[in-house]
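Here's a quick tour for anyone new to reading protein structures. Have a look at the picture first, then work through the points below.

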Amino acid sequence: MIEAEDIPERREHRATLRRLLRHRLFVSGLFLFGIVAVVAALAPFITDVDPNRLSMRNKFLAPGGNWVFGTDGFGRSLWSRVVWGAQLSMIIGASVVALNAIFGTLIGAAAGYFRRLDTMLMRVNDALMAFPAILLAIAVTSVLGPSTLNVILALSIVYIPRTARIVRSSVIVLREMEYVQAAVAAGAGHWRILRHHILPNAMAPMIVQLSFLFAYAVLSEATLSFLGVGAVPPTPTWGNIMSEGRDFMREAPWIITIPGIALMVTVMGLNLLGDGLRDVLDPRLRIQQ
Amino acid sequence: MSLLEVQDLTTAFMTGRGEVNAVEDVSFSLNEGEILGIVGESGSGKSVTALSIMGLLPSPPARIAAGQVRFAGQTLTGLSERQMQPIRGPGIGMIFQEPMTSLNPVFSIGDQIMETIRAHERLPQAQLRARAVAMLDKVGIPAAARRLDDYPHQMSGGQRQRVMIAMALACRPRLLIADEPTTALDVTIQAQILDLLMDLRDEFGMAIIIITHNMGVIAETADRVLVMYAGRVIEEAPAARIFDHPRHPYTRGLLECVPSLTEDRARLVAIPGTLPEPARRPAGCRFAPRCAHAEPSCTQAVPALESLEPSHTAACFRARELSR
Amino acid sequence: MIRLATRSLLSAIPVLLIVSLISFGLMRLIPGDPAAAIAGISATPAQIAQLRQDLGLDEPLLFQLLQYYKGLFQGDFGRSLLLGKGVLAATAERLPVTIGLSLYAMIFTLIIGIGCGIIAALRQNSWVDQAAMMFAMIGISVPNFFLGLLMIILFAVKLGWLPSGGYIPFTENPWGWLQSTAMPAFSLALLQAGLLARITRSSMLEVLRQDYIRTARAKGLPGRVVIFKHALSNALIPIVTVVGIIVSLLLSGAVVTESLFSLPGMGLLLTQAVLNRDYPMVQGGLLLVTGFLVAVNIAVDMLYAVLDPRVRYD
């Protein structure tokens with residue numbers, strides 16, 4: 001019985017995967033994001049200098065030679081800093097995405113499925129979405145204090161309402177579907193209906209949202225640390241590196257451009273990935289965004 | 001000389017499986033003031049023929065692959081979009097199947113009628129307005145002056161089709177192409193719209209091409225009929241002849257499909273099977289697979305239009321023997 | 001129309017209520033003793049106690065909340081510790097700079113975004129379309145502060161065409177304002193322009209397929225009338241709904257842009273307030289900016305009704 005259900009589903013997954021791998025945007029996005037992700041994962045193995053080791057003799061070295069990406073105003077290896085920065089960006093982005101996947105789904109499903117909770121949850125949701133995103137993130141980090149963990153919390157508070165709203169709207173549509181109504185009539189419990197009938201079908205728009213969210217999270221984290229309210233210097237985040245590079249733009253523009261390009265590649269990779277996923281998984285979403 | 005002459009018109013569409021002809025070797029002509037009915041199932045190429053004449057097909061994917069269209073002595077095929085503009089409106093007007101979506105929802109109907117006139121004639125605003133009111137009046141919109149500032153969503157389907165007609169006739173075209181003008185309307189409204197078209201023909205004296213899948217509409221309006229099947233003309237005759245003496249088996253089938261008022265459902269059983277897709281047309285006579293009278297030889301070659309009587313042609317190898 | 005206005009105003013009330021509650025809650029959520037956190041590490045216990053009293057943090061929470069709302073209704077949004085003046089006065093001084101910058105960026109956004117979107121849609125699948133969409137993709141992927149920095153390096157440092165900082169108020173010297181704010185406005189605009197180009201393109205493609213476009217062509221209207229009157233007026237309707245989102249993104253982005261180019265706007269004010277632990281300013285400023293944004297969204301709803309007669313007459 002279980003197997004009979006399982007096999008066509010798996011075949012469908014494989015078909016989706018094939019369509020994704022044929023999608024030009026998706027593949028180029030996967031490539032760009034893949035580079036960054038691999039570099040981030042291999043950070044301990046591909047850097048030999050501590051990203052925070054000062055070496056005043058070697059400051060402001062241009063990229064090339066022994067120093068692949070050159071050095072900054074304190075003689076720190078920019079290669080080490082940018083690579084470890086990639087790891088931090090990935091950790092923060094993935095954490096925000098994970099928290100969104102959990103709490104966005106919970107809140108969205110609760111609001112969409114239980115009409116009684118809907119008004120209350122969505123009012124709070126709307127209010128949180130009414131704040132300009134970065135301003136709210138700054139205010140929250142300033143309250144919690146600057147640290148990597150707090151950046152993750154702040155960005156989650158900013159973005160979970162947006163994820164919840166997307167989950168809610170698919171749940172509302174699915175709730176009215178005949179097969180769900182049939183399950184209700186057959187006496188299935190709420191939890192079972194949500195888990196087996198509604199949430200699996202609400203996944204597509206959510207996955208699309210999460211890939212864009214990863215991009216926003218990486219971008220916002222860099223913005224917060226650039227403004228000085230993110231992870232505390234000298235933590236090597238791309239935003240911190242660029243912020244420190246501001247004073248030397250004339251003499252050492254690479255301090256800004258290298259992490260900037262890394263950031264851009266990551267965000268663009270994720271955006272392309274999201275576009276591809278949207279085209280393949282959920283063509284209806286094409287007009288929004 | 002006739003008003004409109006279509007010669008060997010072939011319109012091709014680029015599709016995923018290469019280029020296919022939606023319309024092939026279509027020829028006919030039309031005199032001033034005449035009403036020509038083009039009849040066929042949806043997908044038979046009748047709308048594509050009309051849009052090819054108007055130059056309204058999106059290109060790419062569509063292109064006129066062969067043949068030509070001459071209107072009032074001028075060759076239309078090959079004209080640029082800009083050169084076509086003065087023809088559309090004062091030369092040929094067109095109305096469409098869906099009055100609900102054919103009007104722009106964000107402009108008032110008065111504005112949409114007046115802009116048509118303005119595009120072709122220089123007139124002061126007051127006169128433009130007067131012309132628009134007069135046109136609405138002619139198509140039977142009550143209290144026309146007051147409805148001028150209404151938006152399409154404030155009108156019923158029948159009224160919108162009347163507005164479409166007013167718009168198409170605002171520049172006094174010599175030819176009106178009506179593409180399934182009544183299909184989307186209620187039965188009672190359909191008759192009203194057809195009556196209106198006939199009255200306006202008498203008043204303005206324009207020629208009309210009426211495109212429909214409904215033989216009843218043809219019976220009400222057309223002087224002459226062109227029957228299309230799978231992109232080709234298969235029979236052409238004066239309307240009376242078609243109803244009395246259809247020569248092509250397909251036309252006969254169509255006539256048996258005419259829904260009667262006494263019976264609940266249309267008797268579509270008359271023609272088994274469905275219209276072949278343009279990319280999968282059978283060899284030889286395209287109707288052969290659905291034809292009760294088909295013989296093996298029917299699939300060997302495409303039958304040409306053959307003159308059976310003066311002004312009556314049909315494209316069937318067995319037309320002569322079958323109608324005996 | 002009036003019903004619509006009342007409806008959007010009414011729906012804004014619960015949002016504003018919750019927004020104000022969140023703002024109120026923020027300062028009270030500081031882990032540990034908020035007064036000590038605000039006063040800083042070097043403060044003496046007496047100073048901390050004084051501050052606690054000044055901010056009313058020694059009162060019961062419910063009483064603080066009542067005082068807070070009483071203040072809001074009297075136009076008292078708290079006092080900035082850093083500037084020593086009312087939050088409302090400080091906002092009134094700084095918000096116009098941000099609004100000016102956002103409007104300037106909005107103009108770039110609309111021209112670039114709608115322009116690229118239309119051209120891409122009209123030449124769908126051509127190289128022009130692909131180039132425009134590539135540009136849009138870059139637009140939504142370049143962080144605005146990185147773009148700002150690149151522009152400073154190029155136009156101010158290398159070429160010396162534009163000033164890299166220094167704000168000239170519009171009221172003093174309009175031309176100077178246009179020049180000095182050009183780089184910030186452009187770097188702020190690109191993200192939204194990219195988004196808008198993508199939305200405009202898909203909306204335009206959708207509209208160009210509609211029957212009424214064929215009708216307009218069948219009437220013999222010139223191409224520009226078909227595109228700019230018949231197609232664009234319909235394509236703009238869904239675009240208007242994202243204007244609210246764009247304004248929100250602009251205000252968000254302005255925070256960074258203002259810090260980068262040292263423009264004395266609301267964003268710079270709030271960033272400095274955060275960095276100096278001026279929580280009353282953060283709390284009041286956040287509330288005011290968000291209130292402004294809610295008002296913009298109501299205006300956008302009205303604009304929607306103006307553009308779409310189907311909404312206007314319902």
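Let's start with one pairing: B:Ile92 has B:Leu175, in strand 7 of chain B, as its bridge partner. Keep in mind that this is a predicted model.

**Strand 7 of chain B and its neighbours**

- The pairing above belongs to a set of four bridges that join strand 6 (residues 92-95) of chain B to strand 7 of chain B, and these two strands run parallel.
- Strand 7 of chain B also pairs with strand 8 (residues 207-212) of chain B, again in the parallel sense, over five bridges.
- On that side, B:Leu175 stands opposite B:Ala207 of strand 8 of chain B.

**Which way do the side chains go?**

- Here's a handy rule: side chains in a regular strand alternate between the two faces of the sheet.
- In strand 7 of chain B, B:Leu175, B:Ile177 and B:Asp179 point one way, while B:Leu176 and B:Ala178 point the other way.
- Is strand 7 (residues 175-179) of chain B mostly covered or exposed? Mostly covered, since five of its five residues are buried.

**Helix 4 of chain A**

- Helix 4 of chain A covers residues 78-113, which is 36 residues.
- From first C-alpha to last, helix 4 of chain A reaches 50 Å, close to the 52 Å expected at 1.5 Å a residue.
- Why is helix 4 of chain A largely enclosed by the rest of the structure? Because 26 of its 36 residues are buried.

**How the chains meet**

- Two pairs of chains are in contact, and chains A and C share the most contacts.
- Between them, 39 residues of chain C are in contact with 35 residues of chain A.
- Several helices of chain C give two or more residues to this side, including helix 1 (2-28), helix 9 (182-208) and helix 11 (223-261).
- That side of chain C has 29 nonpolar, eight polar and two charged residues.
- Chains A and B don't touch: their nearest C-alpha atoms are 17 Å apart.

**How confident is the predictor?**

- For the complex, the predictor gives an ipTM of 0.87 and a pTM of 0.84.
- Chain C averages a pLDDT of 88, and 99% of its residues score at least 70.

Key
Residues are numbered from 1 along each chain as its sequence is written. Chains are lettered from A and ligands numbered from 1 in the order in which they are written. This is a predicted model: local features need pLDDT of at least 70, side-chain atom pairs count only at pLDDT 80 or more; totals for chains, interfaces and linings use all residues. The expected span of a helix is 1.5 Å times one less than its number of residues. A residue is buried if 20 or more other C-beta atoms lie within 10 Å of its own, exposed if 12 or fewer, and partly exposed in between; C-beta atoms are placed from the backbone. Two residues are in contact if their C-beta atoms, placed from the backbone, lie within 7 Å. Ala, Val, Leu, Ile, Met, Phe, Trp, Tyr, Cys and Pro count as nonpolar, Asp, Glu, Lys and Arg as charged, and the others, Gly among them, as polar. Two strands pair if DSSP finds at least two bridges between them. pLDDT is the predictor's confidence in each residue, from 0 to 100.
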